[in-house]
Amino acid sequence: MDDRKTKKTGRPDLWSSALAFYAQPGIAPLCLRRQAEGGTDVMLLIAHCHALARQDAPLTATELDALRDHMAEWRGRTVLPLRALRVDLREPVAHLPEAEREALRGRLKQVELAAEKVQAGMIAEWFAARIPAGGGDFAQGLRILAGTAALPDADIALLHRAATA
């Protein structure tokens, strides 16, 4: 994961790290599948991988809950509604030309990504105050994030490799 720092805070730029992590082979499809099948918060998943990569201390179940709570309002009011609208617009809309619908979906995707960038800032803020307590189990944390959807060992291995690359 990338360790570039923001000019304003001097803290690691989690958004750049998230983009670099997401761009690794196999990670984007895995994240999109986890998001679609189990409702996994991809930014929280990336934060868990970041904790392993940069602090050598995966998030504990308590920390995952605390971080989820830290950004719940923002995610609920912005990221999720934007995503739902963008996904809904995959289907044709009566009396709306396909090109216009796709253009609107593209703009919504950009706004959704901007909202996730804000979420990354919230995560970076939370990490700045984190004192790793240890005891976090990377695979168990991923299983917590997966919720009710099964998480294959191959996915855990891929995420671990990408986080520690």
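First, the ground rules. The model is predicted, so local features need pLDDT of at least 70 and side-chain atom pairs count only at pLDDT 80 or more, while totals for chains, interfaces and linings use all residues. Residues are numbered from 1 along each chain as its sequence is written, and side-chain values use heavy atoms, with hydrogens and water left out.

Salt bridges now. Side chains of opposite charge can pair when their charged atoms come close. The rule here is a side-chain nitrogen of Lys or Arg within 4 Å of a carboxyl oxygen of Asp or Glu. The count is 12.

Take R33 and D155. Their closest N and O atoms are 2.8 Å apart. R33 sits in helix α2 (residues 27-38) and D155 in helix α7 (residues 153-164), so this bridge ties together parts 122 residues apart in sequence. Helices are DSSP runs of H or I, at least four residues, numbered from the N terminus. Are the two partners buried or exposed? Buried means under 20% relative accessible area, exposed over 50%, partly exposed in between, with a 1.4 Å probe and protein chains only. D155 is buried at 9%. R33 is partly exposed at 33%.

Next, R77 and E73. Here N and O come to 3.0 Å. Both residues lie in helix α4 (residues 61-88), 4 residues apart, about one turn of the helix. R77 is exposed at 63%. E73 is exposed too, at 55%.

Then E116 and R83, at 2.7 Å, N to O. E116 is in helix α5 (residues 98-129) and R83 in helix α4, 33 residues apart. Both are buried. Shared partners join R83, R86, E112 and E116 into one salt-bridge network.

On to aromatics. The whole structure gives 1 pair. That pair is W126 with F127, edge-to-face, 5.5 Å centre to centre and 80° between the planes. Ring centres must lie within 6.5 Å, using the six-membered ring of Trp; planes under 30 degrees apart are stacked, over 60 edge-to-face, the rest tilted. W126 is buried at 15%. F127 is buried at 9%.

Last, the cavity: points on a 1 Å grid where a 1.4 Å probe fits but cannot get out, with lining residues having an atom within 4 Å of a point. What lines the largest cavity? R34, T40, L45, L142, L145, A146, L151 and L159 do. Helix α6 (residues 138-146) gives the most, 3 residues.

Technical notes: On a 1 Å grid over the protein atoms alone, a cavity is a set of points where a 1.4 Å probe fits but cannot get out, and a pocket is an open set with protein on both sides within 12 Å along at least five of seven lines; lining residues have an atom within 4 Å of a point. Helices (H or I, at least four residues) and strands (E, at least two) are DSSP runs, numbered from the N terminus.
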